[in-house]
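Reader: Could you walk me through a few local features of this protein, with the cut-offs spelled out as we go?

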Amino acid sequence: MKTLVIIAHPDIEQAKVNKRWKQELQKYPQDIVIHDLYQTYPDWAIDVSVEQRLLEQHDRIIFQFPIYWYSYPPLLKKWFDDVFTHGWAYGSKGKKLVGKKLGLAMSIGDKKENYTESGGVGFTVDEITVPFKAAANHVGANLLPYFAVFGISFEATDKDIAASAEDYIAHLYGRS
């Protein structure tokens, strides 16, 4: 079954990494379905039934986004709030996501060494992504190892970004 990649970047046309990743993903339409939330819902009026059906059709779902203030972009948060409903995603009758594989692909502006206990952020990426882990656990899904690229804001060259796109595809295909 195809992988669904849900992209949540508020300005992907200006985004160096997420735009390049999206371009790379588009080379694999036989295996990857791309769903860009900000493009699909510019008015933020999420069609819950459409989103739920899309999730039901895929066993592997990847959330691709930039880290924003140590979290994820606001439309992705709204998407989770709207789509992961009681009786569908969780609760005694909410079993639609049980056994699904959820993954994260994150572009991170800061340097990797700052995402340590003693670094400038003071937290690791594993700690920053706890809400995703808790959500996956709550709905019975399995959280895959994340993919992240650091230093995007000030130290990534075009060559680094191109390499990260290739690494991202290798990660999705289990070749990393």
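Predicted model: local features only at pLDDT ≥ 70, side-chain atom pairs only at ≥ 80, totals over all residues.

Reader: How far apart are the end C-alpha atoms of α7?

Author: They are 21 Å apart, which agrees with the 21 Å that the 15 residues of helix α7 (residues 158-172) should span at 1.5 Å a residue; the expected span is 1.5 Å times one less than the number of residues. Helices here are DSSP runs (H or I, at least four residues), strands likewise (E, at least two), numbered from the N terminus.

Reader: And which residues of α7 are buried?

Author: Among them are Ile161, Ala165, Tyr168 and Leu172, where buried means under 20% relative accessible area, exposed over 50% and partly exposed in between (1.4 Å probe, protein chains only). Their cover includes β1 (3-7), α1 (16-25) and β4 (101-107).

Reader: What about Trp69, buried or exposed?

Author: Trp69 is exposed, with a relative accessible area of 77%, and lies in the loop between β3 and α4 (74-83).

Reader: Switching to Ser107, where is it found, and what does it touch?

Author: Ser107 is in strand β4 and is buried, at 7% relative accessible area. Leaving aside residues up to four places away in sequence, its contacts (heavy atoms within 4.5 Å) include Val17, Trp21, Phe65 and Ile152.

Definitions and conventions
Residues numbered from 1 in each chain as written. Heavy atoms only, no water.
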